[in-house]
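Here's a quick briefing to read with the model open in your viewer. Have a look at the fold, then work through the points below.

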Amino acid sequence: MSDEEARGLAEYVVRRARPADLEGARALMLDTFYLVMGHGYVPEWHADVINMTDTYFRTPGQALFVAALGDEVVGTAALRAGGPKSPPNPQWLAERYDRPSTAQLCRTYVRAAHRRRGLARALVDLACGFVADSGTYDTLYLHTDPAIEGAEPFWRSLAKEIHDERGTGTDNAIIHFEIPLPPPGDHARN
C-alpha cells in the first residue's frame, strides 16, 4: 500500500494527511502536550506543530499521517529528516544519527477515547512504508517518555532500544529506539 492510499480500520481511516486535516492534527498535538505530557507547547521542540504546511507538505522526505473518524483527526504520526539533537540528548546519540539517511518518527499520538484499536500501529506502519520507499532513508529513529501510559510497551513491541536515559543521572527520562524498516513496497507488518 502506498502512503497515498487510505487504510480502513473499522470506521477509521489511516492515511497521509491532507491540508484539511491540519487544524485537527494541531489540536490533537497541543492537547497531548498540555494534557498528557504536562509541559505544554515549547517553541524549541514544537515549531513543526505551528508550521505544519512547510514542515510536512513542502519539505521533501517529511510527512504527516492521520487516523480519522469521519472528519475528526483522532491520531497522528509524523516523519522528519534527521535524528535527535544534543542537548538535550547525549552527544554520542546525536552523532550516531547525524546523517542524511536518518528519519525521525515523532508526534505519534492517539486521543484517549480512540486508543486500543490499532490506530497507532497502523500509523507507524504507514510511516515505516513511507521511509522504506523514500530511497533517502535507511534508519528510523524515535524517542519516547516512558512515563506516558502505554508508551514504553508499545514501542518495545515494534522497535529496538538504543539507549534508556533513566538512571543515568540526567533529568531526561527518555528511551531512544530504532524501528526496523520493511523492504521497499512491503508495508504489511505483523
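How far apart do the end C-alpha atoms of residues 12-184 lie, and how much of the span is helix and how much strand? The ends are 25 Å apart, and the span is 34% helix and 27% strand. Helices (H or I, at least four residues) and strands (E, at least two) are DSSP runs, numbered from the N terminus. This is a predicted model, in which local features need pLDDT of at least 70, side-chain atom pairs count only at pLDDT 80 or more, and totals for chains, interfaces and linings use all residues. Residues are numbered from 1 along each chain as its sequence is written, and side-chain values use heavy atoms, with hydrogens and water left out.

**Annotation**
- An unreviewed UniProt entry carries the annotation "domain: N-acetyltransferase" for residues 12-184; UniProt positions follow the numbering used here, feature names are shortened, and annotations may be inferred rather than shown by experiment.

**Largest pocket**
- The largest pocket holds about 1,600 Å³ of space. A pocket here is an open set of points on a 1 Å grid over the protein atoms alone, where a 1.4 Å probe fits, with protein on both sides within 12 Å along at least five of seven lines. Grid points are joined across faces, edges and corners, and the volume is the space filled by probe spheres set on the points.
- Its lining (residues with an atom within 4 Å of a point) runs to 49 residues, and Met37, Tyr109, His143, Thr144 and Asp145 lie nearest the centre.
- Among the elements giving two or more residues to this lining are helix H1 (22-36), helix H2 (43-50) and strand S4 (72-81). Strand S5 gives the most, with seven residues.
- By class, the lining has 23 nonpolar, 14 polar and twelve charged residues. Ala, Val, Leu, Ile, Met, Phe, Trp, Tyr, Cys and Pro count as nonpolar, Asp, Glu, Lys and Arg as charged, and the others, Gly among them, as polar.

**Nonpolar cores**
- A nonpolar core is a set of buried Ala, Val, Leu, Ile, Met, Phe, Trp, Tyr and Cys residues joined through side-chain atoms within 4.5 Å. Buried means under 20% relative accessible area, exposed over 50%, partly exposed in between (1.4 Å probe, protein chains only).
- The largest core has 31 residues, and Leu105, Trp155 and Ile179 touch the most other members. H5 gives the most to this core, with nine residues.
- Leaving out residues up to four places away in sequence, Trp155 is in contact (heavy atoms within 4.5 Å) with Leu105, Thr108, Val124, Leu142, Thr144, Phe177 and Ile179.
- A second, separate core has 15 residues, including Ala17, Val49, Leu64 and Cys106.

- Ser86 and Pro87 are joined by a cis peptide bond with omega about -10 degrees, and another cis bond joins Pro87 to Pro88, with omega about 15 degrees. Pro87 sits in the loop between S4 and helix H4 (91-96), and Pro88 lies in the loop between S4 and H4.
- Arg107 has a positive phi near 55 degrees. This residue lies in strand S5 and is buried, with a relative accessible area of 9%.
- Arg116 has a positive phi too, near 70 degrees. It belongs to the loop between S5 and H5 and counts as exposed at 86% relative accessibility.

**Around Lys160**
- Lys160 is in strand S7 (residues 160-164) and counts as exposed at 52% relative accessibility.
- Lys160 touches His176, Phe177 and Glu178, not counting residues up to four places away in sequence.
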